[in-house]
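Subject: A structure to look through

Hi there,

Please open it first, and then read my notes beside it.

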Amino acid sequence: MKGFVSICLLLLALSSTVIAKPPRRYDLELEDATSQTPTACVDDDVTCALLDATKWLLQQQEEDWGWNGGISTSSVVLAMQLANESWYHGKALKTQLGIKQLEIELLAELGRSAKLSGCGTSSQRHSRLAKISVGRLALYILALESTCHDTRDFYGNDLVELLEHNMRRFPREGFNNHFQYSLGVLALCQSGDGSVKLKHIRELLAGQREDGCYRFDGEVGPDVASLSVMALSCAKASVPASFRSRFVQKFNNTVSCIRSKQQEDGSFGNGISTALASQALKAANIPPSLWRADVALQRVLETQHEDSHFGNLGATVQILPLLANRHYGSVEDVKMACNIQGTDSDNSQSGGAPSVPTEQPGPPITIQILIENGIDTEEPSVTVSATAPAGSTLFQFLQEAMASSEGAFSFESKMTDFGNSMTSFNGLANDGVNHRYWSILIGSDRESASTGTDGIFPEDGGEYIFYYRSY
Ligand code: B12
Ligand SMILES: *[C@@H]1O[C@H](CO)[C@@H](O)[C@H](O)[C@H]1NC(C)=O
Ligand SMILES: *[C@@H]1O[C@H](CO)[C@@H](O)[C@H](O)[C@H]1NC(C)=O
């Protein structure tokens, strides 16, 4: 308990000094030009795709050595380690600084929670602990485990205990889907003594519908079922004998959900869904020939862009493990390299020179933005037009519309791995308790957007609809 009080004070001090800085990539001048020899990849599509994608991720590292203003540092570190654990063991300075930034970010986040709910008595401790979201904490634990940290004693904090505590109330606002729940189980399963409590396994199984799929599966692909299968495959060893046959039956059912989503061309939906489904079927040891693993992999590779990413950071980090023939349950494998102490003296800095795009702003174009309430249909819809240079993102048009509307139009958003997530329009917010959110539809055909507002580049005269609906 004494430990907690002093850590609490330390964290308070930290949290007031660590403030979010605007993201900026490190300067080109910092680059040691001689140290960079891009590893050649010859006639292996997958190895090339993997190397190029990791290089792209490293180019996204910012001036403070984190990623995406601290939102994505944990998922990038995890993806880099799953791609090739030599990243950490290579001891390049930029890598080590990235890992330090990961530690600082988590300490700052723990510190902010301490500030929010006050420091001191043990009865306050739990409310204090409850502030970090399960998904974020799980990703931090997985990233830290994959880089040889002891998450049971992270600067005196037991992150595993904290995660278990935070997983207790489910579902709740901010923690209401089994994708996040699976990340939590994957973290528990690959940290500490690796045991997962039966109640956690039961919760994952209970979330299944009759067809083995989960809420959110189906619209794009079986993403949630895939994460669940990875989590359950990892947790299998913790299942008591008395529950085993029930477990296997339910497990098989979720595998069936995934397999039922495979299309004739081998894909399971978009590139992300196909990659997650493939990872899950690998984790479950389903023979590759049964689901045409190589064809599915080709479908994923086809979604890589010329710049080597897979659409955005979120897509890239989720696809990367597959390219290394790994999955979210492979942290255990990656950790084995921790015991072989790095005698590697290769101090070369990895990462290519960041390409600095210096694009000219295009001519101004105008689009229509429609705000529609599909739940309270009495509520009149609002139309605003927005003008911005051609080539701007939909998000930039929204910012422009808000700035010029003099209060008539407003929105709020939250940064994520996939870019800005729209959380509210004209004061009406996404509602995790009642399952309502702002969806994005494009054009008079009202086609559902396949990515967020940072990935949509409007056309002149185009129509972009934000439609409040339930899920
Ligand atoms: C659950 C989920 C949702 C839920 C989130 C709320 C909830 N109850 O959890 C809802 C239904 C709101 C949702 C909405 C959308 N989603 Co969604 N979603 C997911 C899913 C299945 C899991 C996300 C998660 O929990 N991650 C775990 C936690 C720990 O990470 P997190 O960063 O805290 O997660 C948050 C973000 O992922 C955010 N979010 C969810 N979807 C999207 C999409 C975009 C573009 C952004 C910026 C953020 C975002 O909500 C999460 C919870 O707060 C992922 C699947 C995946 N493979 O990642 C798809 C996924 C992220 N969604 C996707 C899409 C396309 C959308 C929509 C744009 C669909 C649409 N046409 O309206 C909208 C976003 C609109 C907006 N307002 O900006 C795509 C993104 C693809 C891409 N290349 O960018 C994914 C990857 C599915 C896929 N395989 O294609 N989604
Ligand atoms: C990982 O990276 C190291 C060092 O760059 C390289 O020697 C090794 O071949 C890579 N391993 C795999 C599986 O790609
Ligand atoms: C589950 O699937 C495995 C492998 O496909 C099979 O051997 C086993 O009999 C199945 N078990 C149940 C209970 O369906």
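Below is what I found in it, starting with the whole chain and then moving to details.

This is a predicted model, in which local features need pLDDT of at least 70 and side-chain atom pairs count only at pLDDT 80 or more, while totals for chains, interfaces and linings use all residues. Residues are numbered from 1 along each chain as its sequence is written, chains are lettered from A and ligands numbered from 1 in the order in which they are written, and side-chain values use heavy atoms, with hydrogens and water left out.

The whole chain

The protein chain has 17 helices and 8 strands; these are DSSP runs numbered from the N terminus, with helices being H or I of at least four residues and strands E of at least two. Of its 471 residues, 51% count as buried, where buried means under 20% relative accessible area, exposed over 50%, and partly exposed in between, with a 1.4 Å probe and protein chains only. Among contacts (heavy atoms within 4.5 Å) between residues at least 6 apart in sequence, 69% join residues at least 24 apart.

An open sheet of 5 strands runs in the order β2-β1-β8-β6-β7, with mixed pairing; two strands pair if DSSP finds at least two bridges between them. At its edges are β2 (382-389) and β7 (447-448), each pairing on one side only. Inside this sheet, β1 (residues 364-373) and β8 (residues 463-470) are parallel and share 6 bridges. Leu 370 has Ile 465 in β8 as its bridge partner. Helix α17 (residues 394-404) packs on this sheet, where it touches β1, β2, β6 (436-442) and β8. The direction of α17 makes about 115° with that of β2; axes are lines fitted to C-alpha atoms, for helices over the stretch in contact, and angles run from 0 to 180 degrees between N-to-C directions.

There is also an open sheet of 3 strands, ordered β3-β4-β5, with antiparallel pairing. Its edge strands are β3 (411-416) and β5, and each pairs on one side only. Between β3 and β4 there are 6 bridges, and Thr 416 stands opposite Gly 419 in β4. Helix α17 packs on this sheet as well, touching β3 and β4, at about 150° to the direction of β3.

A helix pair

Leu 50, Thr 54, Leu 57 and Leu 58 of α2 meet Val 76, Ala 79, Met 80 and Ala 83 of α3.

Backbone details

Most residues other than glycine have a negative phi, and most peptide bonds are trans. The peptide bond from Phe 170 to Pro 171 is cis, with omega near -5°, and Pro 171 sits in the loop between α8 (159-166) and α9 (178-189). Asn 285 has a positive phi of about 60°; it is in the loop between α13 (271-283) and α14 (293-301) and is exposed, at 66% relative accessible area. Asn 426 also has a positive phi, of about 45°. Asn 426 belongs to the loop between β4 (419-425) and β5 (428-429) and is partly exposed, with 32% relative accessibility.

Happy browsing!
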